[in-house]
Amino acid sequence: MNEVTIRIGGESGEGTISGGDILALASARWGYHVYTFRTFPAEILGGPCMFQVRISDRPIKSMGDNADVLICLNKEAYDRNISDLRHGGVLIYDPSDFVPEAGDYITYAVPFNEIARKEIQLFQTKNMVMLGAICGLFGPPIEAIVQVVQSKLSKSRKSNSTLMEKNILALDAAKKYVSEHLTKSDPYRLGAVEKADRVVLNGNQAIVAGALAAQCRYFSGYPITPASDIMEGMAKELPQVGGTFLQAEDEMAALASVLGASYGGVRAMTATSGPGFSLMTELIGLSSMAELPAVIVDAQRSGPSTGMPTKMEQSDLSFALHAGHGDAPRIVIAPADIEDCYNLIIQAFNMAERYQMPVLFLTDQSLTARVESVDRSIFKTATIQPRVGQEAHASNGKNGSNGASANGHQVLVGAGVEEHSYSRYAYTPTGISPISTPGTGTPAYVATGLEHDQHGHPDYEPEDHVAMMEKRYRKLQTAAEEMASPERYGDKNATIGVIGWGSTEGTIQEAVDRALAKGYKVASMHPKVLSPLPDRALQDFINSVEKVIVPECNYSGQLANLLGAKYGLQAIRVNKFGGIPFTAGEILRAIEEVG
Amino acid sequence: MTQTVINPTPKDYKSEVKPTWCPGCGDFGVLNAAFRGLANLKLSTDQTVVVSGIGCSSRFPHFMKTFGFHTVHGRSLPVAQGLKMARPELTVLAVGGDGDFFSIGAGHLVHAALRNIDITVVVMDNEIYGLTKGQTSPTSPHGHVTKSTPYGLLASQFNPIATVLSLNVSFVARGYSAKPKDVASLVEKGVQHKGFSFIHVLSPCPTFYNTFNAWDDAATPIPQGHNPSDKGQAMMLAMDTEKQYTGIFYQQERPTMDQAAHELVQQSKPFDIEQYMKRYV
């Protein structure tokens, strides 16, 4: 097997992350699968950061347990990361920074600073020196790196031919240095592999692509880590495809304006993180009550309050399921990987439109920044489900203009009384009522957050409230019946079950694979839709095993609480909440303890 | 079936929902003025959306036959702006009271003014919280005794016209609900104005703070000869605490954000996922 996990530790702002990005992209273009993990401080410049990339000729499910190779660009990086280097791994360091203690690892000393400063005479090239050493020792070939750097520089304002020359000099100098001064005694060597048709992108980028494909044509948001790139992507792309964008003054305004656009028949979205999501709750209730579609991305970060803005946590599940006062049905979806970020955001738009309610899309910090290589064939043209009552107008969206348009409709001036008696909120067996849209020749109505009758007129009669509550919740039942069930992964006759949610799926499946190889009878299930829950599939799974482990990156065990409340499950809780995702090894240990 | 009325009358805009307001409420005058203003403009009920927040006056959309969106407290402005950005061909009005626009939603007013999105705002100001039965409002006068200020209001009074003038709002006007024809004319002009139009309407609450007599005396048409492009003069009129001037204080045509956004869209092409993903190869 051709595989290596490389971790680079350094200072934020000195090219650690950008060097890692280049390595990942170059390896992917060379034909390898890649999967990255990074940490960075909340500060703009300075502070410790690290970048880890797992490079393999086989599909990768997690970030890897330990680094095979650790490159430390300063003493602090060594102190922070050395415990994560595997036994017998490789440590690369600059002897002018520090001298490592003796340990169970191979050491290569490379004078990064001296090569950059004295030989290349441009200290900025230090990360190129590092990449040159990686190429020389493990692969990929220098040319793969050069190609990526060239394409990055051609898009940069700093671009000039001298800088590119210096970069190439730095790469070559480091490669030459390692071949002349070091004796390779490690087993890691990435050989040539067949090229594959893959794309390399992170979760936020996949969400933008999916939203555009789903014909989202209005976005409003307020900057917040780690969701801002979604807003920036939509700001840039929407005008290119006929949509509009508004940076709101706060998150309440962001979701309010999304509901305004949605009322106008346009597919609309906002994206935020926990603190912004907290502010949006009044509008989630309005979306549910007025039955207006809206897609809300919550890129979860470590909480509560301001918490740790750049750290990973899965702690908004309980909140997403219940945010807001009163009983307000909503759909909650949690993607597991980059492919899901694309396909499930499309599903989120279709579910919002079909069931006329808010759809909360729970990604997290690790997924927003995780770069994966993904088969290009996954990114297909989206199937678009029109709103009930708007099918005839759906074709308007295809030409890239905003969803509904008045073209070809008679302009109405003052309509008859019966028009305002249109049953916008008609009781139906599915709970889904026809929805009309201004400017399309469909009947006028008033959407309201007040309890209302079938026409949308305010109505506080007990019978009406009961019937309306039941109608709104009936849509969730319809959604549960219409959605696909999650599939079981692993042993058909398992005695140990693992249930997870969100970005941990690959890590759990890798742990299941490793446990199966060791002879454990184990299987896992990973529901992507968490409201409505796929009751049948989960109950069958729970009943089929003796014990259920629920690993979650949060303190309180939010999925375990939910499964306990709904199915009486006494789960074995495995909680990690330091801001770093699980490794497969950690989940494997939990399985071993139970088995 | 829908019917087309070539020469609409105000009653063509009236819905079958009966207003919930107290007898004598100023908001009746504003509602009738809205019917009249929209009829004069021959606006289509299909192309017109009235957005509101929460409060007595925010029930407004239910009483109209146009499209309407009765939202949550304070958020009518962002809802209306989102709708106008996404559907610029629609006529969008945001209506509500002094609590909605100057207290819980005051933060939105600042940004709506800066963006100059082409919507028309009608504030029905009664200087009191009516729906919650008589607490102080940002526009209540200093010293005013209400249920929530039993020892008199300790804060100073909010000046709506002076505030929006300072925010560079592009159409600033005031009317008095007891003069519905004048209010109708302001609604008409506000809707016609391309940009963010702000119409402050004195609309008394006979139940919790009857200001009819005071405003009958104070409401004074803006002196003839006032130049609506003279912001300094407009500010002088706005700062007068004895008189409540009515009419157009200030008007300036300038680019709107919805227009600018839709000019950007003119070069747009249909989205093509295959083409789009090339950047990530």
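This is a predicted model: local features need pLDDT of at least 70, side-chain atom pairs count only at pLDDT 80 or more; totals for chains, interfaces and linings use all residues.
Two strands count as paired if DSSP finds at least two bridges between them.

How many of the 7 residues of strand β3 (residues 91-97) of chain B are buried? The count is 7 of the 7, so β3(B) is largely enclosed by the rest of the structure. In a regular strand, side chains alternate between the two faces of the sheet. In β3(B), B:T91, B:L93, B:V95 and B:G97 point one way, while B:V92, B:A94 and B:G96 point the other way. Residues on both sides of β3(B) are buried.

Next comes the meeting of the two chains. Here 53 residues of chain B are in contact with 63 residues of chain A. On the chain B side, the elements giving two or more residues are β2 (67-70), α2 (76-86), α4 (106-115), α9 (257-264) and α10 (273-277). Of these, α2(B) gives the most, with 8 residues. A:T448 is found opposite B:H70 in β2(B).

Two packed helices are described by the angle between their axes and the distance between the axes. For helix α7 (residues 203-213) and helix α13 (residues 338-355) of chain A, the angle is about 25° and the axes are 8 Å apart. Angles under 35 degrees count as roughly parallel, so α7(A) is roughly parallel to α13(A). The crossing of α7(A) past α13(A) is right-handed. On the α7(A) side, the residues that meet α13(A) are A:G203, A:A206, A:I207, A:A209, A:G210, A:A211 and A:A213. Their partners in α13(A) are A:I338, A:C341, A:Y342, A:N343, A:I345 and A:I346. The contact is made up of 10 nonpolar and 3 polar residues, with no charged ones.

A few backbone details in the loops round out the picture. A cis peptide bond joins A:G303 to A:P304, with omega about 0°; A:P304 lies in the loop between β11 (294-300) and α12 (317-322) of chain A. Another cis peptide bond links A:S531 and A:P532, with omega about -5°. A:P532 belongs to the loop between β19 (529-531) and α17 (535-544) of chain A.

A:E291 has a phi of about 55° and sits in the loop between α11 (281-290) and β11 of chain A. Is A:E291 buried or exposed? A residue is buried if 20 or more other C-beta atoms lie within 10 Å of its own; A:E291 has 24 such neighbours, so it counts as buried. In chain B, the phi of B:N168 is near 70°, and B:N168 lies in the loop between α5 (160-166) and β5 (171-176). With 15 C-beta neighbours inside 10 Å, B:N168 counts as partly exposed.

Definitions and conventions
Residues are numbered from 1 along each chain as its sequence is written. Chains are lettered from A and ligands numbered from 1 in the order in which they are written. Two residues are in contact if their C-beta atoms, placed from the backbone, lie within 7 Å. Helices (H or I, at least four residues) and strands (E, at least two) are DSSP runs, numbered from the N terminus. Axes are lines fitted to C-alpha atoms, for helices over the stretch in contact, and angles run from 0 to 180 degrees between N-to-C directions. Angles under 35 degrees count as roughly parallel, over 145 as roughly antiparallel, 65 to 115 as roughly perpendicular and the rest as oblique. A crossing is left-handed if the near helix is turned anticlockwise from the far one by less than a right angle, and right-handed if clockwise. Ala, Val, Leu, Ile, Met, Phe, Trp, Tyr, Cys and Pro count as nonpolar, Asp, Glu, Lys and Arg as charged, and the others, Gly among them, as polar. A residue is buried if 20 or more other C-beta atoms lie within 10 Å of its own, exposed if 12 or fewer, and partly exposed in between; C-beta atoms are placed from the backbone.
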